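Open the model in your viewer and keep the selection panel at hand. This tour goes stop by stop.

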Amino acid sequence: MKESNAQIPLSSAALSYQKKMLNPIVFWFAMLVKLPSAVFWRMRIKKLDAEKCAVSLPFSWRTQNPFKSIYFAAMAGAGELSTGALCQLAMSGKGKFSMLVVDFRAEYFKKANSKIIFTCNQGQELAKLLESLAVGEADKLTMISSGVNPQGEEVAKFYVTWSFKRKA
């Protein structure tokens, strides 16, 4: 499958959201209010654009389980954040939507005992789906977030199914 190099233009609202989420201080306060576990686990959004979102999750005492690897819930949170932030960016400036996780599935491949970067790169697919929705219509999209360690090995993959409904 050939990748497209055409960048999706962001609305001014989306650019504002992007700037806030990439600013560590603003992100920290936003997560403290909306998703405090992200603050505790020290997640960071490393990249957020119309194409993809990448979230880092450190390996530390905050994320560690008794087996000396990253707790599955912390990884699930980072995986979900990489899809959810991409959704929020895509919806910014395009009217009102409701969104909800309606299904979640995970696969674990390797022990996560170092920093993991979770990436979702379905921005174009998401943008097309949102544009296709008329007021009152709903649809679902399963978004995939892949967690990779510093050696480039995939340690986990999360399948987050979001339901979207365009509101008046």
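Start by selecting residues 1-5. Here pLDDT (the predictor's confidence in each residue, from 0 to 100) stays under 50. For this stretch the model has one contact beyond four places in sequence, where contact means heavy atoms within 4.5 Å. Where pLDDT is low, the predicted coordinates should not be read in detail.

Now color the whole protein by pLDDT. The mean is 94, and 95% of the residues reach 70 or more.

A word on the ground rules. This is a predicted model, in which local features need pLDDT of at least 70 and side-chain atom pairs count only at pLDDT 80 or more, while totals for chains, interfaces and linings use all residues. Residues are numbered from 1 along each chain as its sequence is written, and side-chain values use heavy atoms, with hydrogens and water left out.

**First helix pair**

Select helix α1 (residues 12-22) and helix α2 (residues 24-34). Helices are DSSP runs of H or I, at least four residues, and strands are runs of E, at least two, numbered from the N terminus. The axes of α1 and α2 come within 5 Å and cross at roughly 90°. Axes are lines fitted to C-alpha atoms, for helices over the stretch in contact, and angles run from 0 to 180 degrees between N-to-C directions.

Show side chains next. From α1, pick Lys20, Met21 and Leu22; from α2, pick Pro24, Val26, Phe27 and Ala30. These residues make the contact.

Move to helix α4 (residues 72-91) and helix α5 (residues 123-132). They pack at about 45°, with axes 10 Å apart. That makes α4 oblique to α5. Which residues make the contact? On α4, select Leu86, Cys87, Ala90 and Met91; on α5, select Gly123, Leu126 and Leu130.

**The sheet**

Switch to the strands. Six of them form an open sheet in the order β1-β2-β4-β5-β6-β3, with antiparallel pairing. Two strands pair if DSSP finds at least two bridges between them. Select β1 (44-48) and β3 (96-108): these are the edge strands, each pairing on one side only. The twist averages 25° from one strand to the next.

Last, zoom in on β4 (residues 116-120) and β5 (residues 138-148). Three bridges join them in the antiparallel sense. Find Phe118: its bridge partner in β5 is Gly147.

Conventions
Angles under 35 degrees count as roughly parallel, over 145 as roughly antiparallel, 65 to 115 as roughly perpendicular and the rest as oblique.
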